[in-house]
Each structure stands twice: as C-alpha cells, then as structure tokens.
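Hi,

Here's the structure I promised to pass on. Have a look at it first, then read my notes below.

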Amino acid sequence: MLGVHVTDLAPSYGFNNAYSDFFRVWHGEVSEILSLPDPEHTRPEQRRILREAAEDQQFDIERYLMDFAYQDEDMYFNLAMTYVPFWRKYPVLPTIARPKSIAVADTVKPLVAEVKSDVGCVEDSICSLSLDAPTPSAHSTTSVIFNDTEQELLRRLPRKEFLVLEGSLEEKFVLGGLVDILIGFAYEQLTTQGDSGVESTWTVSIVSPTLSWLDVSADLYAVVRSSVRRIIAFPFLRQYDLAMRSVREASEILKRGKRVVLRALLTLYRMVEKSETQYLLNSLYIQDYCVSIQSVADERLQCISSELDAHIAGFSKNETGWALEELERSVLKAGTNDDAESSASSESNSSESGYSSRETSSAADSSCGEEEVNQAFAPG
C-alpha cells in the first residue's frame with residue numbers, strides 16, 4: 001500500500017494571489033519587508049485577525065489626542081492638508097454610459113498569460129502613450145506625455161495579459177488592493193509634498209494592508225476602515241482628517257482614469273525600487289498593477305471611485321473601533337473646563353487686585369484726613 005502524505009497548499013499572496021513560497025529565498029528577515037511575521041504559513045483569514053490585533057496594540061490614545069488637540073498649530077499637518085498633488089492638475093474624466101455587458105462563456109482560462117509582442121511595436125506604443133483623456137475636457141487641454149524615465153520603465157515591464165473577468169471575485173480583490181495601495185501613496189505624497197525620501201516606501205507600505213500584511217479585501221468599506229485605522233496608528237502624522245483626505249485623494253486618482261493611475265503606480269514603482277529591502281514589493285504587486293491597469297476601462301475605475309465616495313461619505317470616526325468621538329469630546333471638555341478655571345482665576349485675581357487698590361486708596365484718604373484734622377487742632 002502506498003503511503004500518501006496529504007499537506008495543505010502553501011498560502012498564496014501577491015497580485016491576484018499568483019505567488020507562494022516567495023519569501024523562502026529571501027536571505028534577510030521577513031520583518032524588513034512586511035509586518036506579517038510568517039507569510040508562508042499564515043492563511044488569509046489569519047492575516048486579518050493578526051493585523052487588526054497589531055493595530056489595536058499600536059494605537060496610542062495619548063498620541064492621537066495630542067495630535068488632535070494641537071493640529072491647528074501643527075505645521076506639517078497644515079502643509080499636508082493644503083498640498084495640491086500632481087494628479088489634481090488633470091481633469092476628471094466625463095462620465096460615460098457603459099454598454100450592456102455581453103455574457104462571457106464560462107470557460108476555464110489562466111488568470112495570467114505571457115504575451116509575445118514585437119519589441120518595435122511595443123516601443124512605438126509606449127512613445128505614443130499620453131495622459132490625455134480620450135475625450136477632450138473643457139477644463140484642460142494640456143497634453144502630458146510620459147517622460148523618458150517612465151517610458152524606460154514601461155519597456156522593462158513584463159508582457160503579460162491578466163484574464164480577470166469584470167465583476168468576478170478575483171477582480172474585486174485586485175481592485176481592492178489597488179485602492180488601498182493608492183491610499184498609502186496619496187498619504188505619502190501629501191505628507192512629503194511630493195518630495196519622496198528614504199522612508200517613503202515604508203510610509204506607503206505601513207498604511208496599505210496589502211503591502212504590509214498581504215491582506216487584500218474585496219470590500220471597499222473594509223479598505224477604507226483598515227486604511228484609516230493604520231494611518232492613525234502608525235505613521236508620523238496620525239490625524240483623522242488627514243486619513244480621510246488620503247482616502248478621498250485615492251478616489252480622485254481613480255476619477256482621472258487609468259493614465260493617471262498608471263502615472264501614480266510608476267511613481268510608486270520608482271520609489272519602491274530604491275528601497276534596500278522592500279523593493280521586492282514591486283515584484284509581488286506594483287509591477288503587475290502597472291501592467292494590468294493599462295487594460296482596465298476608465299469607466300470601471302469611475303465606478304470604483306463612486307463606490308469609494310459612498311463609503312467615505314458614510315464613514316464615521318467610531319467605525320474605527322476606537323471610540324474616537326468620545327475621546328475627542330473628553331479633550332474638548334477638559335479644555336473648556338481649563339478655560340473656565342483660568343477665566344475664574346483671572347477674575348478672582350482682578351477682583352482681589354481691585355479690592356486691594358480700593359483699600360489702599362481708602363487708607364490714603366483716611367491718612368490725608370487725619371493729617372488735615374491734626375493740622376487744624378495743632379497749637380498756633
């Protein structure tokens with residue numbers, strides 16, 4: 001009788017869950033790349049549990065309340081909130097009515113397929129790439145061509161075709177990962193005013209559950225919640241208002257279509273490429289997103305943006321799970337009480353000062369009166 005040893009399949013991760021055993025060949029510590037301690041043995045559902053537990057442990061109430069109380073005086077916060085990122089100079093694409101979808105035969109196809117392309121044709125198509133919207137916008141007639149660095153990067157991308165059906169669960173996971181990566185990218189651009197540095201890759205990855213925990217969600221509400229939680233728990237600036245602006249800016253990138261999304265992803269790719277350890281995130285996610293986004297319809301990205309906007313509008317602070325509204329009210333109440341006590345103390349001091357002044361004046365008048373009386377009855 002043959003002995004059969006049954007083992008579970010290794011957990012998969014990366015773009016469209018296309019990778020496994022990726023970190024076994026890494027010569028360093030996995031913690032240099034991820035927050036997830038053991039990616040090769042941790043199931044997707046376990047990743048989420050561990051991630052949220054780490055966020056709960058990391059959330060610093062005193063730090064959050066201090067940032068909240070003094071955010072008006074925080075120069076870095078104000079710079080981030082007023083900064084206008086590069087994607088804002090491109091127009092929002094006009095809403096286009098999409099044709100009814102055509103039923104696709106339920107056939108088994110590979111999710112990723114290598115495509116052999118003529119190099120000359122590829123270079124010609126890259127050179128012709130533009131960030132112009134297909135339909136000219138009344139708001140802008142500026143034509144922005146990908147620069148030489150971006151064109152060279154596009155040439156280096158693998159020739160792949162991602163056969164992910166629109167509306168499928170796989171597509172929802174892919175787009176959910178794209179959104180949380182763009183939120184991390186938007187936060188980094190706002191907090192650095194577009195001047196990325198040595199810590200920029202860490203900043204993007206620590207905000208993104210996809211890049212830090214390999215935890216991708218198909219639910220955009222969960223994407224908003226997890227991104228906001230991570231922004232107010234980990235990076236340098238932890239204000240809720242900045243977290244929500246980062247989410248809104250990710251939606252603004254999507255509204256401008258795949259060309260602007262591609263520009264953002266190429267910028268992120270170059271940023272991650274410079275990291276001594278986290279450059280592997282390009283192979284796991286960013287590279288494939290740069291390839292796949294080119295075949296996504298602008299209308300699909302607009303739909304994702306609209307859905308994201310709806311979740312943003314309905315999201316409240318307490319949905320983070322940390323009772324932020326109650327914490328903030330306690331700070332405001334304490335501040336009001338301090339102001340009242342300070343005002344009362346000031347009035348008391350003023351009253352005492354006035355009483356003392358009147359007492360001194362009365363004593364002086366009395367003294368003068370006594371001198372006049374003494375002079376009147378003094379012997380001549």
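A quick definition to start: a residue counts as buried when its relative accessible area is under 20%. Phenylalanine 162 comes out at 11%, so it is buried. Phenylalanine 15 is buried too, with a value of 1%. Bear in mind that this is a predicted model.

Searching the whole structure turns up 13 of them. In one, the ring centres of phenylalanine 15 and phenylalanine 162 sit 4.8 Å apart, and the planes meet at 65°; since an angle over 60 degrees counts as edge-to-face, that's what we call this pair. It also links distant parts of the chain. Phenylalanine 15 belongs to the segment before α1 (44-58), while phenylalanine 162 lies in strand β2 (residues 160-162), 147 residues apart.

What kind of pair do phenylalanine 86 and tryptophan 87 form? That one is edge-to-face, at 5.1 Å centre to centre with 80° between the planes. Both phenylalanine 86 and tryptophan 87 are buried.

There's a cluster to find as well: Tyr13, Tyr19, Phe22 and Phe23 make up one aromatic group.

And how confident was the predictor? The average pLDDT for the chain is 83, and 73% of the residues score at least 70.

Cheers

Terms used: Residues numbered from 1 in each chain as written. Predicted model: local features only at pLDDT ≥ 70, side-chain atom pairs only at ≥ 80, totals over all residues. Heavy atoms only, no water. Phe/Tyr/Trp six-rings, centres within 6.5 Å; stacked < 30°, edge-to-face > 60°. Helix = DSSP H or I, 4+ residues; strand = E, 2+ residues; numbered from the N terminus. Buried < 20%, exposed > 50% of the residue type's maximum accessible area, 1.4 Å probe, protein only. pLDDT = per-residue confidence, 0-100.
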